Amino acid sequence: MKQCLVVDDSRVIRKVARRILEGMGFECDEAGDGAAALTACRHQMPDAVLLDWSMPVMNGLDFLKALRKEPGGEKPVVVFCTTENDMAHITEALRHGADEYVMKPFDEDILESKFADAGLAPAAA
Amino acid sequence: MRVDRAELLAFTGALTRRRAGFDIPRGSGAVELRLGTLARREGLDSVWTMLSSIRRQPDSKLAAEAVEALAPRDTWFFRDRAPFQHFADAILPEALMQAGPTRAVRIWSAGCGAGQEAYSLAMLAEERRARGVRVDAAIVATDLSRAAVRRGAQGVYDQFEVQRGLPIRRLVEHFDKEGEDWRVNSALRRMVDFRLVNFLRDFSALGEFDVIFLRHVLTHMSPQIHDRVLGRVMDHLRPDGWLVLGPWETPGNLAADLDPAPGVDGVFRKRPEARADRRVEPRAA
Ligand SMILES: C[S@@+](CC[C@H](N)C(=O)[O-])C[C@H]1O[C@@H](n2cnc3c(N)ncnc32)[C@H](O)[C@@H]1O
């Protein structure tokens with residue numbers, strides 16, 4: 001089973017995302033900020049990371065930069081999931097190695113479509 | 001006023017079938033949902049009052065608008081993926097070769113909805129061009145619905161729409177942000193020509209195409225109308241041209257004129273010897 005780490009400082013969002021991702025066949029772990037996510041990745045590198053941008057302690061972009069420098073850190077598919085929805089944020093995320101980008105609010109269709117675009121799940125019918 | 005909903009539903013189904021060929025969604029709830037906005041705009045207290053009035057004047061502008069509002073319209077970018085991948089990898093390169101240096105490859109997005117299908121094809125053409133290949137392609141996108149054609153020509157999509165089927169890199173590459181919405185860039189908009197076309201009316205002015213995408217349209221039509229519409233659309237496909245249908249959509253009676261493309265569902269090649277006279281209906285004038 002593929003592993004997905006859900007990183008968001010909102011418990012509600014983590015719960016919603018987790019339910020959808022589990023429905024797509026992922027096994028999920030959660031982290032409330034970038035630093036906790038990095039610790040989780042050092043412990044076990046997931047196949048995918050769903051990543052909020054603005055979080056306390058360490059934000060999503062800083063987490064991504066750090067992750068990509070870790071041993072094996074180039075492997076996880078990273079999908080941003082954030083309210084930042086302007087071109088500048090999106091291109092910056094892509095430049096630092098994000099694979100896909102979800103603009104909140106999201107729903108099941110969007111997550112499925114984006115994970116498929118990132119090469120992670122079969123396309124929804 | 002007491003109105004018989006079942007009777008009005010039957011009338012409405014007959015109206016859309018006769019005017020546009022498609023069957024209305026099952027159940028009064030779905031019909032109320034699709035027509036609610038129109039009824040409110042007309043200042044009528046319910047969809048049923050509006051349908052009664054349309055029944056009295058079936059040739060009114062309101063009747064035409066109701067038909068448009070009832071049309072199935074759900075659509076998204078790169079819908080079902082595989083046909084678009086096949087277009088990029090196989091159809092477009094071969095069509096370009098077939099067309100040669102003197103004419104454009106003509107592509108028809110038939111029943112285009114708000115334009116996502118046409119712009120998906122335009123993005124693929126543009127991406128091929130960006131790799132340094134000469135790509136002379138023109139896309140014609142048509143729909144029955146005025147609102148759909150207007151939206152397509154504007155090329156503005158909201159945040160939900162640009163996240164259905166559209167990879168983020170393509171959003172960055174081909175769209176500009178406008179307020180909270182996203183607009184297809186002008187290079188793509190120039191490539192696509194949006195026009196109002198009802199498959200049951202005359203559209204002979206559209207000319208001939210190398211590739212026709214007719215997806216998620218026939219599935220809403222009864223078998224008899226299905227064959228008639230497909231036949232009329234196919235009259236605009238060049239010999240050796242490609243027809244791309246949606247999942248579970250089949251060529252029906254026209255199967256003899258089409259060869260299924262190997263390895264991908266819903267893609268067909270028109271046989272050079274395809275003849276219009278084999279069909280149920282005479283060639284459209
Ligand atoms: C479900 S959408 C499909 C859009 C797109 N082709 C796709 O695959 O996603 C069907 C479209 O067909 C249009 N349509 C239905 N009947 C039509 C007719 N008789 N003539 C022209 N367009 C029609 C509808 O207005 C609607 O936009």
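Student: Which residues of chain B form one aromatic cluster?

Tutor: The cluster is made up of B:Phe77, B:Tyr119, B:Tyr157, B:Phe175 and B:Phe194. Bear in mind that this is a predicted model, where local features need pLDDT of at least 70 and side-chain atom pairs count only at pLDDT 80 or more, while totals for chains, interfaces and linings use all residues. Residues are numbered from 1 along each chain as written, chains are lettered from A and ligands numbered from 1 in written order, and side-chain values use heavy atoms, without hydrogens or water.

Over all chains, the structure holds 14 aromatic pairs (ring centres of Phe, Tyr or the six-membered ring of Trp within 6.5 Å; planes under 30 degrees apart are stacked, over 60 edge-to-face, the rest tilted). Take A:Phe80 and A:Tyr101: their ring centres are 5.7 Å apart and their planes sit at 35 degrees, so this pair is tilted. A:Phe80 belongs to strand β4 (residues 77-82) of chain A and A:Tyr101 to strand β5 (residues 100-103) of chain A, so the pair ties together parts 21 residues apart in sequence (strands are DSSP E runs of at least two residues, helices H or I runs of at least four, numbered from the N terminus). Both A:Phe80 and A:Tyr101 are buried (under 20% relative accessible area with a 1.4 Å probe, protein chains only; over 50% is exposed, in between partly exposed). Over in chain B, the rings of B:Phe78 and B:Phe84 have centres 5.6 Å apart and planes at 70 degrees, so that pair is edge-to-face. B:Phe78 and B:Phe84 are buried too.

Now the helices of chain B. The axes of α1 (residues 5-20) and α3 (residues 47-56) come within 10 Å and cross at roughly 55 degrees (axes are fitted to C-alpha atoms over the stretch in contact, with angles from 0 to 180 degrees between N-to-C directions). α1(B) and α3(B) are therefore oblique to each other (under 35 degrees is roughly parallel, over 145 roughly antiparallel, 65 to 115 roughly perpendicular, the rest oblique). Helix α2 (residues 28-41) of chain B packs against α4 (residues 61-70) of chain B at about 140 degrees, axes 9 Å apart, and this pair is therefore oblique as well. From α2(B), B:Val31, B:Arg34, B:Leu35, B:Leu38 and B:Arg41 meet B:Leu62, B:Glu65, B:Ala66, B:Ala69 and B:Leu70 of α4(B) (contact means heavy atoms within 4.5 Å).
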